[in-house]
Number of protein chains: 4
Amino acid sequence: MNIFFTGFASAADEFGHKHKRFTENIRAYHAHIRDNDICMTHTLVNPQVDRSRPVEKQDKDLAAKIVKETDAGIVIRGARMVSTLCAYAHDLLVLPSTYLATSKEAEPYAFGFSVAVNAPGLRFICRPSVTHQNAASPMDYPLSARFDETDAMVIFDDVLVPWDRVFIHRDAELCNGLYNRTGIMPQIMHQFSTKNLAKAEFMMGLAFAIARSTNIDSHLHVQGMLAELIQSTEFVRACVRASEVDAAPGSSGVMTPAAMPLWTVRMMFPRMFVRMCEIIQLLGAGGLVAVPSYAELDGPAAVDVTTYFQAANGDATSRIKLFRLAFDAAVSSFSGRQQLYERYYSGDPVRLAGTLYGLYDKDTYVDRILGMLDNLEARQQS
Amino acid sequence: MNIFFTGFASAADEFGHKHKRFTENIRAYHAHIRDNDICMTHTLVNPQVDRSRPVEKQDKDLAAKIVKETDAGIVIRGARMVSTLCAYAHDLLVLPSTYLATSKEAEPYAFGFSVAVNAPGLRFICRPSVTHQNAASPMDYPLSARFDETDAMVIFDDVLVPWDRVFIHRDAELCNGLYNRTGIMPQIMHQFSTKNLAKAEFMMGLAFAIARSTNIDSHLHVQGMLAELIQSTEFVRACVRASEVDAAPGSSGVMTPAAMPLWTVRMMFPRMFVRMCEIIQLLGAGGLVAVPSYAELDGPAAVDVTTYFQAANGDATSRIKLFRLAFDAAVSSFSGRQQLYERYYSGDPVRLAGTLYGLYDKDTYVDRILGMLDNLEARQQS
Amino acid sequence: MNIFFTGFASAADEFGHKHKRFTENIRAYHAHIRDNDICMTHTLVNPQVDRSRPVEKQDKDLAAKIVKETDAGIVIRGARMVSTLCAYAHDLLVLPSTYLATSKEAEPYAFGFSVAVNAPGLRFICRPSVTHQNAASPMDYPLSARFDETDAMVIFDDVLVPWDRVFIHRDAELCNGLYNRTGIMPQIMHQFSTKNLAKAEFMMGLAFAIARSTNIDSHLHVQGMLAELIQSTEFVRACVRASEVDAAPGSSGVMTPAAMPLWTVRMMFPRMFVRMCEIIQLLGAGGLVAVPSYAELDGPAAVDVTTYFQAANGDATSRIKLFRLAFDAAVSSFSGRQQLYERYYSGDPVRLAGTLYGLYDKDTYVDRILGMLDNLEARQQS
Amino acid sequence: MNIFFTGFASAADEFGHKHKRFTENIRAYHAHIRDNDICMTHTLVNPQVDRSRPVEKQDKDLAAKIVKETDAGIVIRGARMVSTLCAYAHDLLVLPSTYLATSKEAEPYAFGFSVAVNAPGLRFICRPSVTHQNAASPMDYPLSARFDETDAMVIFDDVLVPWDRVFIHRDAELCNGLYNRTGIMPQIMHQFSTKNLAKAEFMMGLAFAIARSTNIDSHLHVQGMLAELIQSTEFVRACVRASEVDAAPGSSGVMTPAAMPLWTVRMMFPRMFVRMCEIIQLLGAGGLVAVPSYAELDGPAAVDVTTYFQAANGDATSRIKLFRLAFDAAVSSFSGRQQLYERYYSGDPVRLAGTLYGLYDKDTYVDRILGMLDNLEARQQS
């Protein structure tokens, strides 16, 4: 079940602020995806053309926009990025992300809808896979051989979206701040924080295993790096926990996790994940590039390999398996793409910081400071 | 009520592992401080002499140690650091901190006791105050004029500690890991995390107020720094919350907060606090040293001061008050000592990381990694 | 001899781009200050009022500006910050810094001149001193007792500046980018880089001395911090050296150091200096607040002090002297103000980065990349 | 010409401190490689087995060691890591790196020699290539398709090294500190600093090109990142320059660059390089994974690709070329291996910091501090 859409459904009333129809569309589509176990990919961002100007002021007008309305629906032309896992999806969910002007010019870019991935005119243009395709053994790339999430640009070549799949229509006001204004964002943040916790536990366990294999965990500075991984993991866990215990029904009545612990994860985890990769590089060091293919255990140099790739606490097989996993998790193209993903999947961190500052309750804290100063001043003067 | 000793009392049985008497001493003293509202200072650390060697191997033997036992009690000679707030305390609590060898030589340094601050032979030698004593107005140093916690070295010149105030006696085994082994540490960590939350809220509110006064919060990079303060504050809050909701009775039956969320605060907050001071410096910038004494508002240049120290959103009085508070919180000797305090009050961070790594449940996570690799391997081979 | 003005004199022609008179004023004033050994303070920045708007768009118009021209000179009203060391100066040099619009509105703020510090209507309003004035001994604050550079706001209450001391008059075009366009900036950067080298050597030597006193330099992580100080010091030294060996006559014929090595220092040193203070805090740790006044060596507790404040490699006197110096250099109000100074004396680092990017020769490097790609492409296709 | 060996030759006398023969061997081999343009790979490090113990105390004795001397030479058995570019080399140079005990036990590991890569019993076991072998176009991986430097473990299966290729024989005293004691290290450091400058210029130019392609260099925070790249590049350039202008003949009479500017690069560049990769990730952002194969420009979706992958300042071809280069330089397995290489090629940074602290002239700076304190004290007392 798509968490985005669960969030949307919980805020269905919001979508109907001008036309009831969109609330009904949201509810009907929610029932549809729930009952039919629909898998979705989504796309939230306009393509990078001129990033110094808003979408409606581009010299090259390449972003997806509404070019026409018909009785059957809206017609979309242009591109959107980044859609992931499109190969497995039934439907493509197209949603607003960045701030839109509330002008006539920007209106064609203000929409939200769902469309079947095989709709006429809809095309996905994928990046090259990060998989190392001719690897001697799948054990050499245990992650990239299995888990590459192919990213794609989505091209709309006059794609017709039927009216009952339209959720936002030429409505910048509804688009802007949608996720934070409704209860959608906490739902999404809870989902990705859970994902972050799983990743943190994985990287931490991997680091422990590497450190133990050659006994470097007896060094104080290594313990320092391992303790950092513990902190990052337990930080995410504590925040997820706090968001759950303080969950409360949102305006729509849907149970909503507390937002602030999750915002904290959202803002702080990306750097932590990059640091996790760095720590695994620092622990494995030269060993990460001195380990051969798993296939060598069974090749012409098997005797040498079995002898000379032992670690203090493990035979050559276990060391090669472990260090190839570490290479894949922290050095490979797969890892590089993971790091990039963590930095950006939830939005541009520079803009997000502005959003967080904007929505935070600042007055409570400012008033305390000013009140304290007034009290001190009064005491001085009396 | 001293949180250290509340923790100790909850682990009273532990202290009697060799002699029941110490359990009884703990319980009786706990009742005493509770019933008489006793205020305590404490000292945990040996003086810095030769920090490359353990306490029992020093050329200059200056650390406090047991020099004699008598019928009346134990006699202590030597020095301990850092005792804070001694001027307000009834009793001095002397506790083990760093790891001790379990040798005959180290035994005299393995103790824990309480003693009245006015015991014969007990002396406190304080550092110079960080207060700026001739300030024209107390409003110029609103924090340092009020809240300097004087640190002191404690000198024991053959101080007699009566037996009923002795809790640990020549027992390195009991000393080592005492705080983490018993439920004491989570109690202490919960207390100081609450203190950290208060500090984080204060620094955040102060930063908001400064940023608003001159409208710099319209700049994206300033919002970024303010968002960092929000993250740090909400991080501490989430961890305190998580530690509370997962509190459970410890071995002694006393309700004990969950440890890991608090360890996270313990390890991560010190750098955050230093960064908070840095952010306030970066927001205030030259303005922090361009603001005169509050007394100038009423001095010979009052007209100039009232005119030229206005900010966009405040008159000269409010700006001077606010910027002097910011100076005191983020630039002054008081601030420097606060930063130092946060770095070290809970122990040497390098050693603490080792402790955290030592006590963490590593096997669970290592086993997952190794199990996953074994599964993948089995699949390859089948 | 003021380095700013030496730089100005070397670019005297530039000042006369509209009226020759200003070139002559520059030359005459340069001869005057050289021949009479004139000491100058200067002020470059408008006061912080509304930092989201340019100086000419403020609701509260407090910045110094030209309010009138007379036969005798120009008349200035308003405030400027931050003037330092005004108590020792003969003249106040008033120079442009931040970017000015080239509009009619901004013209009154576009000036440069020199004026005697005792000119009628000119007033300096100082911040409180960072000195701890009632210290028991000057050895307790060896730096702040001697070297506080008092910062001040400068108020111009209709100050008349004679025409022969006016160097820039209602000329935003000349103001903008003045320092980088002429050879002035490299001269200034060379001067402050030399100052930075002296500071780096001082902090490094201090850190070595502290680390040796208690033998902590046997620890690998301490060596790591000490090596950082070596790197920072040798980095500044190498850049100063490179700027000197590649010095060349500028457009005015004055020998001008190579700019880029000095820009590197300008951008990188502020964080290094703050880190130096941090490292001294981390090395001194609790010892920094456990050391008493130097006066205690001669006070009622002299015997205790002499005994218990020894370090492995030094008696109590040498340890107290050293640790009080360290406190003053890295923890005190004086240190806080030094850190703030290093961050900002050369301009807002966020704006400076933009300036550096703007003036750097980017094309050379971009062309190499694009050329390489074209070559590769050509090879593929052939 | 191998820079290691040029350095060695310049310190030939040192090698003969016990037996003249080794000096002669060095000189003769130097002439040989110079005259015959011999290409060498080298190996400096023992394999990672138990990294908490020295090489001579391992339970699993896998490191290369001398097992026998014969009239013909020395016989080596065991493994060494990491040898790079072995496929192109004539000879393998085997040199000491980490500290060795001067005990009988450690003696067999104390050697230095050269041997032909095709010597009987000598085997190289390589890691899997980081190349993406089935890429649709070599333009998709312009770096990894060309420049993978294959790392290998070297196995000595009783390899005979003739006496005239032996340079160090059971001589731990000679091994320890060899590089810094002789003039070898500055020569090596000058070579790799030059390499670092080339890399810095490349990454900087790439970042400029990316930023310009979509006009993000109009954003202040982007300018900040680009300015960082300028600083890193100009830092390396200034240090290389300073090392050259202060070059002087070493003890052997060979011109030797000044060491300290190069040590600065050695210690500071690795993090800078990793940060360069990070900056390119932050600039390219989602665009790095939204760009398809270069082959798509000529594939079935060519019309879409040509339209929708344009950037503000470039057509789809130039954007795809540029962004695939950026992916390869900053995200791919090739990039990950580069980052790892920069972190470790010059030694473990934690140990290196200790080495730098050890060899630095500390007394000069400590004496200044202590002298200053004595002066101040004398003034107080007079």
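Which strands of chain C does helix α3 (residues 20–36) of chain C lie across? In the predicted model, helix α3 of chain C lies across β5 (111–116) and β8 of chain C. The direction of the helix is at about 150 degrees to that of β8(C).

Both of these strands belong to an open sheet of four strands in chain C, with the order β1-β4-β5-β8. The pairing in this sheet is mixed. Its edges are formed by β1 (40–43) and β8 (166–169) of chain C, each of which pairs on one side only. On average, neighbouring strands of the sheet are turned by 20 degrees against each other, with direction ignored.

Chain A is divided by the domain assignment into domain 1 (3–175) and domain 2 (183–347). The C-alpha centres of domain 1 and domain 2 of chain A are 30 Å apart. Contact between the two involves 19 residues of domain 1 of chain A and 21 residues of domain 2 of chain A. On the side of domain 1 of chain A that touches domain 2 of chain A, helix α1 (residues 3–10) of chain A supplies the largest share, with six residues. By class, this side of domain 1 of chain A comprises ten nonpolar, six polar and three charged residues.

Between chains, 62 residues of chain D are in contact with 62 residues of chain A. On the chain D side, two or more residues each come from the strands β3 (73–84), β6 (122–126) and β7 (151–162) of chain D, and from the helices α9 (259–284), α10 (302–308) and α12 (333–344) of chain D. The largest share of the side of chain D that touches chain A is that of α12(D), which gives eight residues.

As to confidence, the average pLDDT of chain A is 95, and 100% of the residues of chain A score at least 70. For the model, the ipTM is 0.96 and the pTM is 0.97.

Note on methods:
Residues numbered from 1 in each chain as written. Chains lettered and ligands numbered in written order. Predicted model: local features only at pLDDT ≥ 70, side-chain atom pairs only at ≥ 80, totals over all residues. Pairing = 2+ DSSP bridges. Axes fitted to C-alpha atoms, helices over the stretch in contact; angles between N-to-C directions. Contact = placed C-beta atoms within 7 Å. Domains from an automatic or database assignment. Nonpolar A, V, L, I, M, F, W, Y, C, P; charged D, E, K, R; others polar. pLDDT = per-residue confidence, 0-100.
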